[in-house]
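Student: Could you take a close look at one part of this model for me, the surroundings of the ligand? Once that is clear, I would like to see how the rest of the chain is laid out.

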Amino acid sequence: MNLHEYQGKSLLESFGVKIQKGYTASTPEEATEAAKKLQSETGTEWFVIKAQIHAGGRGKGTVTETGSRGVVLAKSLDEVPEKAKAILGGHLVTAQTSKEGKKVNKIYIAQDVYYPGDNEPEEYYMSVLMNRQTGRNMIMYSPEGGVDIETVAEKTPEKIFTEEIDPKVGIQAFQARKVAFNLGLSGQAFKEMTKFVVSLYKAYEGIDASMFEINPVLKTSDDQIMAVDSKVTVDNNALFRHKDIAEMRDKTEEDPTEVEAGEVGLNYVKLDGNVGCMVNGAGLAMATMDIIKLSGGNPANFLDVGGTADAKRVEQAFRIILKDGSVKAILVNIFGGIVRCDRVAQGVVDAYKNIGDIDIPIIVRLQGTNAEEAKKLIDDSGLAVHSAITLQEAADNVKAVV
Ligand code: GDP
Ligand code: MN
């Protein structure tokens, strides 16, 4: 599950990480109120207005309706409502969204932290994430922050550093100092950075995140170190022990079909292809996607119906898959281990009749207990459903229709 910038920042703050402060707003009036509050609390004269969507690159992104950027600076209280209005309710297109962009329901009004002073403000990159190769958490950081980190990785990989954390002992003081040193800091900023690194790591661990990315981490002109942005992915499997974070879920940011599937207990992930698939078991679902690809199609989704492939679930799964207009055929691949294949076949037939207007070919491959009976049941149903027993047969059927 992903979080919004403002949610990530409030979590960071609770772990002692210094942040660029702000308040959310859903209307231009609320934006003005937020700015006034910030002014009295921090003394800031300028304000940053930031679209809250689950995608990065907002600063360079454009709101389709108004041409506004997704992150803008207001140089007085008076400028706030108009600039807020140009973002709110619009669709923000960034390098990380689709062409249609994402609707902006909320903005974050933040204090300007790039104020002039003794030194120039400087931007760094930092993230904590899981290194799957070593099975350890690591801190990834770079003195080249504020920009697209993928470009830095490609053009100047030597400017990206990593620090692995031993899970038995957690983050050590010397590691935090190494980070601050590699970022070229000294004096007050060095000290602040060591605190920042330790607190960020604790936040990552504390909320069971699988990624916590801060880009940019800012060194202000008076040597404070703070998080200007925050991008967080929380491990869904750990949400049961973080009720407060589970409540931060914003379903409007997720694919509506995936949300609907989740509500009926189906593991569905939408993909870009043309062959829908319905499978029991995640491993078999992956293998099925491979076979679709090998036979010249492209999987339109991942869908694991789970252990009980009864008529009701099969129908729910069909309805979810059929919502995707690019689906040209559906491959049902069920292994009858605990469930009997003839039961599943009956489920497919019933679901097909119930839905009524299915106008694309359906290929059903049932293997396992009572597979032969199942095939007969489908063949005798008189419906436009092709039965198969081996995966190769099913793949050949897919090939014939896509
Ligand atoms: P992203 O574009 O979605 O990654 O959004 P960020 O939160 O990283 O903001 C984008 C850019 O806005 C930053 O890299 C900064 O250059 C700029 N920005 C953010 N906060 C401030 C601020 O307080 N003052 C000024 N002048 N610029 C800011
Ligand atoms: Mn950013």
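**A close look at the ligand shell**

Tutor: Let's start from the record: UniProt, in an unreviewed entry, gives residues 2-217 the annotation "domain: ATP-grasp fold succinyl-CoA synthetase-type". Such positions are given in the numbering used here, feature names are shortened, and annotations may be inferred rather than shown by experiment. This is a predicted model, in which local features need pLDDT of at least 70 and side-chain atom pairs count only at pLDDT 80 or more, while totals for chains, interfaces and linings use all residues. Residues are numbered from 1 along each chain as its sequence is written, chains are lettered from A and ligands numbered from 1 in the order in which they are written, and side-chain values use heavy atoms, with hydrogens and water left out.

Now to the ligand. Ligand 1 is surrounded by 18 residues, and the closest are K50, R58, G59, D112 and V113; a residue is near a molecule if one of its heavy atoms lies within 4 Å of it. Sorted by type, the shell holds seven nonpolar, six polar and five charged residues. In this sorting, Ala, Val, Leu, Ile, Met, Phe, Trp, Tyr, Cys and Pro are nonpolar, Asp, Glu, Lys and Arg are charged, and the others, Gly among them, are polar.

At G59, a backbone N or O atom lies 2.8 Å from an oxygen atom of ligand 1. At V113, a backbone N or O atom lies 2.9 Å from a ligand oxygen atom. At Q111, a polar backbone atom is 3.5 Å from an oxygen atom of the ligand. The protein covers 80% of the 560 Å² of accessible area that ligand 1 has on its own, with accessible areas taken from the Shrake-Rupley method with a 1.4 Å probe, where for residues only the protein chains shown count as cover.

Helices (H or I, at least four residues) and strands (E, at least two) are DSSP runs numbered from the N terminus. Domain 1 (21-111) and domain 2 (122-246) both give residues to the shell, so ligand 1 lies between them. The bounds come from an automatic or database domain assignment, and that assignment also gives domain 3 (256-401).

In β3 you will find F47, which counts as buried because its relative accessible area is 0%; buried means under 20%, exposed over 50% and partly exposed in between, with a 1.4 Å probe and protein chains only. Strand β12 contains P216, and the peptide bond from N215 to P216 is cis, with omega near 10°. In the loop between α6 (187-206) and β12 sits D208, which has a positive phi of about 55° although it is not a glycine. D208 is buried, because its relative accessibility is 17%.

Stepping back, the annotated span 2-217 is 32% helix and 27% strand, and its end C-alpha atoms lie 20 Å apart. Of its 402 residues, 48% are buried. Its C-alpha atoms fill a box of roughly 85 × 50 × 40 Å along the principal axes.

The centres of domain 2 and domain 3, taken over C-alpha atoms, are separated by 43 Å. In strand β20 (residues 385-388) lies S387, a buried residue at 11% relative accessibility. The S387 side chain makes polar contacts with the side chains of K375, at 3.1 Å, and D379, at 2.7 Å. A polar contact is a pair of N or O atoms within 3.5 Å; within protein, one must be able to donate a hydrogen and the other to accept it, and residues adjacent in sequence count only if both atoms are side-chain atoms. N370, in the loop between β19 (362-368) and α12 (371-379), has a positive phi near 60° without being a glycine. With a relative accessible area of 27%, N370 is partly exposed.
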